Amino acid sequence: MEAKIKISGFADEISADFVTQLKTVTGLGMHYISLRAADGKGIADYTVSEVEEKLLPKLAEYQVKVSSLGSPIGKVGIEDEEGFGKQKEQLKELCKICKLLGCRYIRMFSFFIPEGKDPEDYREKVIGKLNQFLEIARPYDVILLHENEKEIYGDTGERCKVLFEALKDGHFQAAFDFANFVQCGEDTEKCWDMLRPYIEYIHIKDAVSTDKENVVCGTGEGKIKELLERAIIKEGYEGFLTLEPHLVLFDSLASLETTAAENVIKENKAKDGAEGYTMQYKALCGILDEIKAVYS
């Protein structure tokens with residue numbers, strides 16, 4: 001019987017070097033990665049021809065597939081029109097990269113809100129710009145996965161729901177991130193209840209609310225075991241669980257966060273990226289074994 005749950009991961013947390021990423025994940029028995037950065041370059045900065053020439057042969061050599069593109073689309077200020085224009089062009093190329101890699105998903109966000117401003121004041125502007133992203137993705141039949149990131153419009157369960165209900169489009173779905181909800185003071189179970197109809201993809205990242213630090217999955221406040229048991233065993237979730245350990249400082253972290261990287265990961269919890277990634281993988285496998293989920 002083919003496993004309905006597939007484990008993937010942001011392999012750039014292992015190393016900037018793409019071959020090292022692939023060697024590590026295949027050594028763990030994994031067959032998928034979420035492609036966020038390779039050889040020190042973010043996926044949104046690659047062209048289709050560069051992916052075809054530089055990355056595809058290595059993926060084929062190690063027999064690794066891509067579950068999603070971990071893009072920064074939407075991780076730009078809501079009032080930054082120049083940045084938005086650049087991202088629309090990047091999204092076109094990312095959609096072509098998706099088709100080349102046989103991948104359906106592009107992870108994205110719903111714009112940074114100016115500090116001190118009420119996110120609700122920007123609701124219509126956010127929805128309008130997301131619609132423009134959707135107009136690009138639809139012809140490629142690519143699904144945009146909205147991640148509930150900190151400091152963007154959709155950082156709470158309520159505001160994520162606003163977006164999904166406003167857009168009502170199968171090409172705009174949720175990538176559920178436990179840790180980010182914890183770090184925003186949200187109850188992950190309530191968020192799950194609110195967003196379940198839209199959850200297409202799950203990130204495996206945990207955190208504690210005391211200092212908002214990331215921890216090994218299952219040891220924080222994300223309720224990962226309880227919600228995975230509910231999702232997989234009771235609700236029939238099928239698809240990817242994507243490791244995003246955030247347990248050690250890694251090269252591309254600075255480009256992913258608005259604050260200094262050391263404020264996000266205050267101390268390394270493993271000797272290097274490969275060890276941190278392995279810790280997260282084994283912790284997730286332990287949870288899946290406990291709930292008797294079939295996975296690969």
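Trainee: At what relative accessibility does D187 count as partly exposed?
Mentor: The model is predicted, so local features need pLDDT of at least 70 and side-chain atom pairs count only at pLDDT 80 or more, while totals for chains, interfaces and linings use all residues. Residues are numbered from 1 along each chain as its sequence is written, and side-chain values use heavy atoms, with hydrogens and water left out. Buried means under 20% relative accessible area, exposed over 50%, and partly exposed in between (1.4 Å probe, protein chains only). D187 counts as partly exposed, and its relative accessibility is 29%.

Trainee: With which residue does D187 form a salt bridge?
Mentor: A salt bridge is a side-chain nitrogen of Lys or Arg within 4 Å of a carboxyl oxygen of Asp or Glu. For D187, the closest N and O atoms are 3.2 Å apart, and the partner is K223.

Trainee: How many residues apart in sequence are the parts that K223 and D187 tie together?
Mentor: Helices (H or I, at least four residues) and strands (E, at least two) are DSSP runs, numbered from the N terminus. K223 lies in the loop between strand 11 and helix 8, and D187 in the loop between helix 6 (178-183) and helix 7 (188-195). The pair therefore ties together parts whose separation in residues is 36.

Trainee: What is the phi of K223?
Mentor: Most residues other than glycine have a negative phi. K223 is not a glycine, yet its phi is positive, at about 60°.

Trainee: Which loop holds E151, and what is its phi?
Mentor: The loop between strand 7 and helix 5 is the place of E151. E151 is partly exposed, with a relative accessible area of 43%. Although E151 is not a glycine, its phi is positive, at about 75°.

Trainee: E149 forms a salt bridge with K150; are these residues buried or exposed?
Mentor: The closest N and O atoms of E149 and K150 are 3.3 Å apart. E149 has a relative accessible area of 5%, and K150 has 18%. By these values E149 is buried, and K150 is likewise buried.

Trainee: How far apart are the closest N and O atoms of K161 and E165?
Mentor: Both residues lie in helix 5, 4 residues apart, about one turn of the helix. K161 counts as partly exposed at 29% relative accessibility, as does E165 at 35%. They form a salt bridge, with the closest N and O atoms separated by 3.9 Å.

Trainee: How many salt bridges does a search of the whole structure find?
Mentor: One network of them links D12, E13, R36, R107, E147, D177, K205 and E244. Over the whole structure, the number of salt bridges found is 26.

Trainee: Which residue in strand 5 is the bridge partner of I33?
Mentor: Strand 5 (residues 65-70) has 5 of its 6 residues buried. Strand 2 (residues 32-35) runs parallel to strand 5, joined by 4 bridges. For I33, the partner in strand 5 is V66.

Methods: Two strands pair if DSSP finds at least two bridges between them.
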